[in-house]
Amino acid sequence: MRISSVRLPRASGRSSFAFSMLGLKRTSGVLNFGHSMTEQNMTLELISTSKCSEGEQRVYRHRSSTLDCEMTFGVFLPPAALEEKTLCPVLFFLSGLTCTHENFIQKSGFQQHAARHNLIVVNPDTSPRGVNIDGQDDAYDFGTGAGFYVDAKQEPWSKHYKMYSYVTQELVDVVNANFPVVPGRRGIFGHSMGGHGALICALKNPGLYQSVSAFAPIANPTNCPWGQKALTGYIGPNPDDWAQWDATLLVSHYESTPQELFIDQGASDNFLGAKQLLPENLLTAADGNEHIQTIFKQRAGYDHSYFYIATFIAEHIDYHAKLLAAT
């Protein structure tokens, strides 16, 4: 079911944050976290902070028990969270192939819009780093920077490459334990591989996210070269095992809490023409499922780059803020 579209050709957890428990201190009118302990006895190391849009853009490092390595993620804290100690909704952003946490922070310009809506925004890295697996750096679309937000089943990847569990479980717990987030007001969005990640994280966990959107997602990875390569390497050679990691196939069989999906696509995206993204397949699947509602916007003249994301990021932030009742 679609409520607003321009068609292509067919083809949980409670926050335990408390300022007194974390020993926050005020310096020059700004609250500083420094080093803090999560409920899971993990240390968050603050490695950078910059004032931005009257809030703070921070980067943290921690030891991930899920991925068995050090992981880095960004957190934007809006002014309300810093100065007024206000609990805010949280929005997770998942980046695409070859990216780190830095791309979205530095190129999208999201901070001014998140500040306006009092949204905390969290963005993790795209894969484990420094795990010393043979072949991890041999290709841009598999291994380092290309975790595909799945839980790998194949050796040697299965020890570390569990980005799906990291994003939907461990990172949610870390954020709930350390930042002033409102329990149960959580959204997710992403770009390209990260758009795929956002979609499957929401579809596989009804109710975990109250809003979901995607820029140029890899919408049907079982039918595109990027996805087939990643799923073969991480999950195995049997296509039957890939279905649970494919948003189009998940939409086809979705029967849980009604879910709206906001899909955004540049019409001049080279990867659209190369059949790497296949949003038309997801839209077709959604049309046949009364539990799924889609908003699809095709942007004339726009490609796959961060220029495209920066142009429309405000619209996505506004969309999530409305559904998360941010003010």
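Analyst: Start with a cut-off: buried means under 20% relative accessible area, exposed means over 50%, and partly exposed lies in between. The model is predicted. The helix to examine is H11, residues 306-323.

First, burial. The buried residues of H11 are Tyr306, Tyr308, Ile309, Phe312, Ile313, His316, Ile317, Tyr319, His320 and Ala321.

Next, geometry. H11 has 18 residues. From first C-alpha to last, H11 reaches 24 Å, close to the 26 Å expected at 1.5 Å a residue. H11 also has a kink of about 50°. The kink is centred on Phe312, which is among the buried residues.

Now the two ends. At the start of H11, Ser305 makes a contact through its side chain: an oxygen there comes to within 3.2 Å of the backbone nitrogen of Phe307. Just after H11, Ala325 has a positive phi of about 55°.

Then the charged contacts. Side chains of opposite charge can pair when their charged atoms come close. Asp318 and Arg116 do this in a salt bridge, at 3.2 Å from N to O. Arg116 sits in helix H4 (residues 111-117) and Asp318 in H11, so the pair ties together parts that are 202 residues apart in sequence. Asp318 has a relative accessible area of 32%, so it is partly exposed. Arg116 is at 46% relative accessibility, so it too counts as partly exposed. A network of salt bridges with shared partners joins Glu315 to Asp264, Lys297 and Arg299.

For context, the whole structure has 12 salt bridges. One of them joins Glu45 and Arg61, with closest N and O atoms 3.0 Å apart. Glu45 is in strand E5 (residues 43-52) and Arg61 in strand E6 (residues 55-64), so this pair links parts 16 residues apart in sequence. Glu45 is partly exposed at 30% relative accessibility. Arg61 is partly exposed as well, with a relative accessible area of 30%.

Another salt bridge pairs Glu54 with Lys51, at 3.5 Å between the closest N and O atoms. Here Glu54 counts as exposed, at 54% relative accessibility. Lys51 is also exposed, at 64%.

In H10 (residues 279-287), 7 of the 9 residues are buried, so H10 is largely enclosed by the rest of the structure. Those residues are Pro279, Glu280, Asn281, Leu282, Leu283, Ala285 and Ala286.

Methods
Residues are numbered from 1 along each chain as its sequence is written. This is a predicted model: local features need pLDDT of at least 70, side-chain atom pairs count only at pLDDT 80 or more; totals for chains, interfaces and linings use all residues. Side-chain values use heavy atoms; hydrogens and water are left out. Helices (H or I, at least four residues) and strands (E, at least two) are DSSP runs, numbered from the N terminus. The expected span of a helix is 1.5 Å times one less than its number of residues. The bend at a residue is the angle between axes fitted to the seven residues ending there and the seven starting there. Buried means under 20% relative accessible area, exposed over 50%, partly exposed in between (1.4 Å probe, protein chains only). A polar contact is a pair of N or O atoms within 3.5 Å; within protein, one must be able to donate a hydrogen and the other to accept it, and residues adjacent in sequence count only if both atoms are side-chain atoms. A salt bridge is a side-chain nitrogen of Lys or Arg within 4 Å of a carboxyl oxygen of Asp or Glu.
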